[in-house]
Amino acid sequence: MKLRTNLLVGGGLVGLAIVVAILAPWIQITDPVLDANLMNAEIPPGADFPFGTDQQGRDIYSRIVHGARISLTVGLVSQIANTIIGVTLGLTAGYWGGLWDDLVSGVTNLMLAIPSLIFALAIMAILGPGLVSLLIALGLTNWSYSCRIARAQVLSLKSQGYVQAARILGYGDLRIMFTQLLPNMLGPLIVIATLGMGGSILAEAALSFLGLGIRPPYPSWGSMLSEARDQITTAPWLSVFPGLAIFLTVLGLNLLGDGLRDILDPQSQERRA
Amino acid sequence: MRTIGLAIAALALFVGMAAEAQQTQTPRKGGTIRMTGPYGASMGSLDPHATSRAQDGIVSLAIHRPLYSWDSTNNKVVLELATSVTPSEDGLVYTFKLRDDIFFHNGRKMTADDVIYSFTRIMDSTKGYPSARYVRVIKGAVEVEKGQAKEISGLKKIDDFTLEMTLTDRVNPGYYFFQNNTAIVPKEEVEKGNFAANPVGLGPFVFKEHIPGSRVVLERNPKFYKAGKPYADRMILQIMSEAPARDVAFRNKEIDTSILGPAQYVAYRADPELSKGILEVAEMFTRALTFNTEHKPFQDKRVRQAINHAIDTDLIIKRLVKDKAYRATSWLPSSSPAYDKALKPYAYDPDKAKALLKAAGYPDGFEFELTTSQNESWGLPIVEAILPMLAKVGIKAKPKLVEVTVLTDVALKGEFQAYIGSNLTGPDSLATLRCFYSKTPRSACRVTLFSSPEFDKVFEAAAAEVNPAKQLELIAKANAILYDEAPVWFFNYNKAVLAYQPWIHGLQANATEITHQYVEDVWVDERSPVK
Amino acid sequence: MLTVLVRRLANVIPTLFAIVAVVFLLFSVLPGSFISAMNEDGRGMIDPAVMERMRKEMGLDDPLIERFGKYVGHLAIGDLGNSFRTKEPVTKLIGDRLWPSLKLVLAAMLFAIVIGVPLGFIAALKPGSVTDATSMVVAISGLSLPKFWLGLMLMYLFALQLKLLPSFGYGDGGLTHLTLPAIALGVSPMALLARTTRAAVLDVLNADFVRTARSKGMSEPRVVTWHVMRNALVLVITTIGLQFGSLMGQAVVVEKLFAWPGVGSLLVDSVFQRDVPAVQGCILLIVLFFLAINTLIDLAYVAIDPRIRYA
C-alpha cells in the first residue's frame, strides 16, 4: 500500500512531541511555574513570548513544552499499564481456558460495558485530582481491547506447530506464553496501544473539563485548554496553542497507529499481499 | 377638514411621544423573562424548605415568599408578608400583622396557620431541612426538632392575621426569615405528596413546567398581592453551568441575563454594546485563606500577619481577578453596617513579612500544605499566583487540590493546615463573627479554631447590647481585633456581576446573591426577541 | 435466533450484578458527601444537628454491607432508591432524562453513519489516492479533538457567527437544538466508522470471491454493490454497535457543555453533588443500554450473514 504517508506524518508529529518533551528544560524560555509575573499577564504572542502569556503571566510556550512531558507521560504510562493488564489477562485466559477464561471474559465484558470515562471519573473523584490518580484512573480502565486481542491471538496460535513443539520440549506455561506467544502478537498490541495513547490524552482533557484534572503546578495540555476556555474571546492564544498541541499529537498518534497497523498487523498484511 | 386633519396629526404626534416616554418609564406588561441558572447542571429541589442552594433560590423566590424580603436599595431586610411587626420591650416577642390579601396559587388565602405550619415542617425531627438553623431561633423549635414536642411553643396565633413569635435570643428575626428556604407553603398542597414536582406557593409566578437539567418555566400569578405585578407573562430559568456556553448564548441573545466570571467581565466591559448592560454588587462573601491556628507556625499571630504582608493582594485582584472583587480589610464585607472604612488593608511589604517571620522564630521560613479547589475566583489560580510571592519570603506552600464538594468536609473536620475558600459573611454581622467566638464548636463554623479572650469579651458584649448603634460599634471593634489577629489571609469581598440585555429592566443589585431577583419588579420591553 | 437471545441474557445478569456491586462500592468510598456538597461557594454552612438528621435519613451511617443488601433488595423489585437531592425516585429522575438522551445518541449515530460510511467507502475504492488520504485525514482529525473544544467551536461558528442554530439548551427538543450537540458527539464515531469501513472494504475487495466475480466479467459497480457492501457490512455493523452502545456514556461532556438534559449531564452533576443513588441509577442505565445494543447487534449478525452461528 502506498499509504505510508500516514506513517511518515504520524511518526514525525509524535517524534516531534517526544523530542520537545525530552528537551523541555533546555528549550524553555522561562520556568513554566515559578516565573509567574502578574504584570505580564495575558500578553498576545510576540517577540518576547512566542505563544503569549497566560492569566498568571507565565510564558505559554514554556508551559506547552513542559506540558508535553506531562501529557505524553499520561499517554505512555497509562497505555503501558493497560497493555500489561490486558495482555496478562488475555494471554492466561486464552492459554489456560476454563474457569479462569470465563472469569476474565466476564470482567472484560464488564469493563467494556462501563464507559471508561465514567470509570475514570469515579476513580479520580475517590483519589482526588492529581497526576498519580490520573495515571491510575486511565491505566486501570482501558485494557479490555488489548485483553480481547491477546486472547483471540492465543486461541488461534495455541494449536500451531511451534507451540505444540515447545510444549513437548517441556517448556513451562509461562515460558511458552511469554517467549512463544507474546512476540507473535506484539504487532496488533502496539497498534492498539498507540491509538490508546491518543485516547488517554483526550481523556485527560475531558476529565479536566469536568473538573477532575491534574494537580498543579506542572501543566498538562488538557488542563491548560480547559482553564483557558472562558477566555476564548478575550485571549484566544491561551487555548489555541494547547489545543493545537493536543490535536497534532493525537492526530500523529492516530496516523502512526494506522500506519503501524499496515506493517505490523500480520493478518492484514497477509490479506493484502 | 384641514383643521381636523391637523388635529389628528398633532394627536398622533402626542400619542407617539407619550408612547416613547412610556417605553422608558412605565413598565410594559407581558413578555417573557429569560434568566440563567449558572450554579450546576440541574436544579436541586423545588421544595423551598429542602434546599439551601443558590440555584434553587432563584426559582423559589419567584414561586414562594418568606416573611421578610431583602431590600437591595437600602441593603436591609424588610417585611414581605406582613404589614407591621411590633417587638416587645425586652426584644424577644415579635407580633406580626400579616397581610390579609395574600392568596396561594390554589386560590386559598394565607393565614397565620400557614406560617406556623411551615415553620413546624422545617423543624420536622425526621427530615433534615437546612433552614432548621434559622427557625431554631424561635422558642420551642428545638424541642420539635428533637421530637419532644409537636408544636413550636414560641409561635402563637392571635387571630387569622396576627401572629406572635417568641425568640430565644435578642436578634432581628428578619435576618432569619428573609431566607428563601423559610418560605410559607400551603399545608394541603404539601400533604398531597410530591411537592417538589408540583410546587404551589404565593409568589408572583406560578409553576408551569420543569424539564430537569434544562429549564423551569413559570407563568404570571394574576392574583399576586402586589397590585399590577408581576409585569411579565412568563419567566424561564435556563440552566447553564458552562461559562463559555453562557457567553455564546448571551451574545446570541438567547438569554436575558448571565453571570460573568473575571475573564468575561473584562470582555463585556470593553465591548461598547455589552458594557451598557452590566449590574455589579458587592456580595456578602469574604474570600480568604484560612489558617488552622492550631497548626504550629500559624499559632503565632506574627506568622499570620507576615503572610498578609507577603502577598501582593492588590495585584492579584487587579490582574488575576480583573477587579471583579473588592480588597478585603477584615472579615466583615463592605456591605455590612459595621464595616469600618477607616481600616487600611495589610500593606504589601515583603521586608516586614520577613521581619515578622524572624521575630516569630522562622527566619528561614517554613513549609505548609495549602488545600484548594479549582474555583477560578477563590481556588487554584489564586494559589498559583501566591506561591511565588510566599516563596520570596521563604515560605513554601504545597498546594493540595480537592473538589469543592470535599473542601467543606476538609474545613469542618479540620483536616487542613490552611485552605482557601469563600465564606458567607452576611447579612447578619453578629452571626458572622460568631465563627471566631471560642465557644462555637468547630463543626458549626469555627474552622480556624481561633480563640482570643479579647475578642470573646467584645463579642459577648456586642451580643448582649440592646442599643443598635452601640452594638454596631462593638461589632466593628470585634472586627478590628480580627484584623489584627489575622486568623486568615484577607483576600477579597466578591463583586458579583450580572450581564443583562438592553430590553430587560428592574433588575436589583441584591447583595446577598445577585441571581436572586424579586421578579415581580422585572420587566421586558418590546425589543425582547421572545413574545 | 431465540437461543442467541437466551444465551445473551444468561450472560447479562451476572455482568449486571457485578456492575451494581462495583459501582456501589466505588461511590460509597467517595470523599465528601451530599451534605457537604450542599455548601457550594461557602454559602449556608449546614449546622451539625441538621447534618446528622440528613445522614440518618439517607442512611449514610449504616454499615456498608447493610446498605448494599438493602440496595440490591430494592433493585430486584425495580426500585433504584430515592435521589438525595430531589427526594424523588431515581427511576423518575432517569425517566425524565431518557428520551432526550436517546434522541441525542440516535442523532449522533445517524450523523456518524451518514458521513462516516460513505467517507470510508470512497477512500477504499482508490487506496493510496489523494481522495483516500484526504478523507482519512479528515476522519482522523475528528478523532483527535477534545470534544468540549469541538463543541465550543461549533457553538461559536454556527450560533454566534452564522446565526444558523441556537447555541444551547433543549428548546422544544426539535432538530434545531439537537444538531450541534449531535455533531459534537457524532464526530468521533464518524471517524472510527470511516476507518473501519475503509479497512473492511479493502479486505473484501482483495478477497478471492471478489476476484472471481471480477474475472467472470461482472461490472465494477455490481461487484462493489453486490459483494463488497454485503460482506463489509458485518464489520461495519460491529463498529456501529460498539460505538452506539458506548455513546450514551461518552455524551457526558457534550451534554454538560450544551446544557442538554440527558442522562450524562445528570450523572456528572450527581457525582459532584454526591447524590449516590442517582449516580448508580445513571450508570446502570448506561450499562443496560450498552448491553441491549450489543444483543441487538448479535441478532443482526445472524440476520445478515447466515454463516454466523452461535455454538
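**Briefing on chains A, B and C**

With 531 residues, chain B would have a radius of gyration near 24 Å if it were a compact globule, and its value of 25 Å agrees with that; the radius is taken over C-alpha atoms, and the globule rule is 2.2 Å times the number of residues to the power 0.38. This is a predicted model, in which local features need pLDDT of at least 70 and side-chain atom pairs count only at pLDDT 80 or more, while totals for chains, interfaces and linings use all residues. Residues are numbered from 1 along each chain as its sequence is written, and chains are lettered from A and ligands numbered from 1 in the order in which they are written.

**Chain B**

- Chain B holds 18 helices and 19 strands, where helices (H or I, at least four residues) and strands (E, at least two) are DSSP runs numbered from the N terminus.
- Taken along the principal axes, the box filled by the C-alpha atoms of chain B is roughly 95 × 60 × 45 Å.
- Of the 531 residues in chain B, 56% are buried, a residue being buried if 20 or more other C-beta atoms lie within 10 Å of its own, exposed if 12 or fewer, and partly exposed in between, with C-beta atoms placed from the backbone.
- Among contacts in chain B between residues at least 6 apart in sequence, 70% join residues at least 24 apart, two residues being in contact if their C-beta atoms, placed from the backbone, lie within 7 Å.

**Where chain A touches chain C**

- On the two sides, 35 residues of chain A are in contact with 38 residues of chain C.
- Helices H3 (98–113), H4 (116–127), H9 (186–209), H11 (237–264) and H12 (266–272) of chain A each supply at least two residues of the side that touches chain C, and the largest share, seven residues, comes from H11(A).
- That side of chain A divides into 24 nonpolar, seven polar and four charged residues, with Ala, Val, Leu, Ile, Met, Phe, Trp, Tyr, Cys and Pro counted as nonpolar, Asp, Glu, Lys and Arg as charged, and the others, Gly among them, as polar.

**Within chain C**

- In the contact between H7(C) and H8(C), residues including Leu150(C), Leu154(C) and Phe158(C) in H7(C) meet Leu180(C), Ile183(C), Ala184(C) and Val187(C) in H8(C), and by class this contact has eight nonpolar, one polar and one charged residues.
- Phe68(C), found in helix H4 (residues 64–76) of chain C, is partly exposed because 16 other C-beta atoms lie within 10 Å.
- From C-alpha to C-alpha, Phe68(C) and Thr179(C) are 41 Å apart in space, and they are 111 residues apart in sequence.
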